[in-house]
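Here is a short report on a two-chain model. The structure comes first, then the notes.

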Amino acid sequence: MIPNPQLNKNGELQHLLTIDGLPREIVVSILDAAAPFTEVAEREVKKVPLLRGKSVFNLFFENSTRTRTTFEIAAKRLSADVINLNINTSSTTKGETLLDTVDNLAAMQADMFIVRHAASGAPHLIAQHLRNIGADHIRVVNAGDGRHAHPTQGLLDMYTIRHYKKDFANLTVAIVGDVLHSRVARSQIHALNVLGVPEVRVVAPKTLLPSEVERMGVRVFNDMREGLRGVDVVMMLRLQNERMNGALLPSTQEYFKYYGLTPDKLELAKPDAIVMHPGPMNRGVEIDSAVADGGQAVILPQVTFGIAVRMAVMSMLAGN
Amino acid sequence: MPTLPQATELCRRLADLMRPHVTPATALVGIQTGGVWIAEWLHRELGLKQPLGSMNVSFYRDDYHQRGLQGGRKPSAIPFDVADAHVVIVDDVLYTGRTIRAALNELFDYGRPARIDLAVLVDRGGRELPIAATYCPHTLQLPAAQSLNLERTEDGSLEFTVVEK
């Protein structure tokens, strides 16, 4: 059996690369560990000394504001030193390879890499390379790789669901939108399944669904009204125009008509259903402003919880 | 092995030691989990008016890199203004002093207290830091291989047990 590259020989989390294949106990332990960190933000001194003296490198090979900022805040609230690498202006544009960059940062005594990359598998490659060069004391957190995974987003979504719904045992959850290009959706589906959510639905036009998506353990709906009926949680996805090659959609107006979350479509869900979105939102494309700013939206709490969840992940990795 | 002290009796004696020195404005902060149980009892017994605080010091521990994150604890809750307050930190057992060092550091991240005292049920020796209790009704010596734990039974009463590490 090939060992899970995220776990050390004691079965503890060493890197966070994907939720796929993580034991349920580890997922639950991250959610449990995150709860005490929410309180740190309410103190006069918003800092705890867990990562004091550690150097955390934000390696973002792809644009991001929210994820990079929340990782930076999380690391700083743990008292780490945070170094943001602006890859667009760095040596990569002069031709340095990814692994040469990693070698150089390892030589600068890095303790943790937060990696975002357009290529699926880049964080795995880095983790494997660190092992090969005998530098596996350096931890790797995947902050989004290609279409593959965005595990901290999946975890913060689970934290949010647990916060509002208390328990995963009787929920019906709909993931709506551009599943095809979405690493967020993949991480959400793996997390919902490992936590035992009985019904996970994906709602999208056929052109925005990966082939054989049913094999991930989801029910597929092409009609949004059918897909939202009676759900407890609506997880919207961003329409990823920048990742689309060719014409998968007639127009964003038509997309909004059929797959935009409007108040009348939301009425089909349970009255206490919550609405989530990983951001950034395209208002009037996948979500109506009346819903995004409405009483059922928990989109901003997701951002706040995301800091606590990232603090928990970094603390666990550094302590294992 | 020395006879184990009666926790309920020690709580009463601890309250007697503290009574002449506290005012209604004195704030108690229990260290999770045993210290919180004792602090809850002292808070009622001494008729204190400040809301009770509780602290999870695991983010401040110096042995975090050996022990990792300890799950299952609640967040710290300090529901009063620490600045210029008289605070009594409450814990079950005083041993190396490292927990108290962590608690002091954490408390200062909430503000600058006027005074901090320490109340414990038992001092078991073995200090590794220059820390002493202000109020302590019982001392005993235990070998390092044993740990003294406070437990709460189903009827809510407190009991000490000794566990071989």
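Chain B holds 4 helices and 6 strands. Helices (H or I, at least four residues) and strands (E, at least two) are DSSP runs, numbered from the N terminus. Read from the N terminus, the elements of chain B go α-β-α-β-α-β-α-β-β-β. The model is predicted: local features need pLDDT of at least 70, side-chain atom pairs count only at pLDDT 80 or more, and totals for chains, interfaces and linings use all residues. Residues are numbered from 1 along each chain as its sequence is written, while chains are lettered from A and ligands numbered from 1 in the order in which they are written.

Some overall values for chain B follow.

| Property of chain B | Value |
|---|---|
| C-alpha span along principal axes | about 40 × 35 × 35 Å |
| Radius of gyration | 15 Å |
| Residues that count as buried | 37% of 165 residues |

For 165 residues a compact globule would come near 15 Å, so the value for chain B agrees. A residue is buried if 20 or more other C-beta atoms lie within 10 Å of its own, exposed if 12 or fewer, and partly exposed in between; C-beta atoms are placed from the backbone. Two residues are in contact if their C-beta atoms, placed the same way, lie within 7 Å.

Now the interface. Chain A contributes 18 residues to the contact, and chain B contributes 16 residues. On the chain A side, helix 1 (24–38) and helix 11 are the elements that give two or more residues. Helix 1 of chain A supplies the largest share, 6 residues.

Helix 11 of chain A covers residues 299–319. Its 21 residues reach 30 Å from first C-alpha to last, close to the 30 Å expected at 1.5 Å a residue; the expected span is 1.5 Å times one less than the number of residues. Of these 21 residues, 15 are buried, so helix 11 of chain A is largely enclosed by the rest of the structure.

The largest nonpolar core has 143 residues. Such a core is a set of buried Ala, Val, Leu, Ile, Met, Phe, Trp, Tyr and Cys residues joined through C-beta atoms within 7 Å. A:Met112, A:Val176, A:Val234 and A:Met314 touch the most other members. Helix 11 of chain A gives the most to this core, 11 residues. Leaving out residues up to four places away in sequence, A:Val234 touches several residues, including A:Ala174, A:Val176, A:Leu228 and A:Leu261.

Technical notes:
The radius of gyration is taken over C-alpha atoms; the globule rule is 2.2 Å times the number of residues to the power 0.38.
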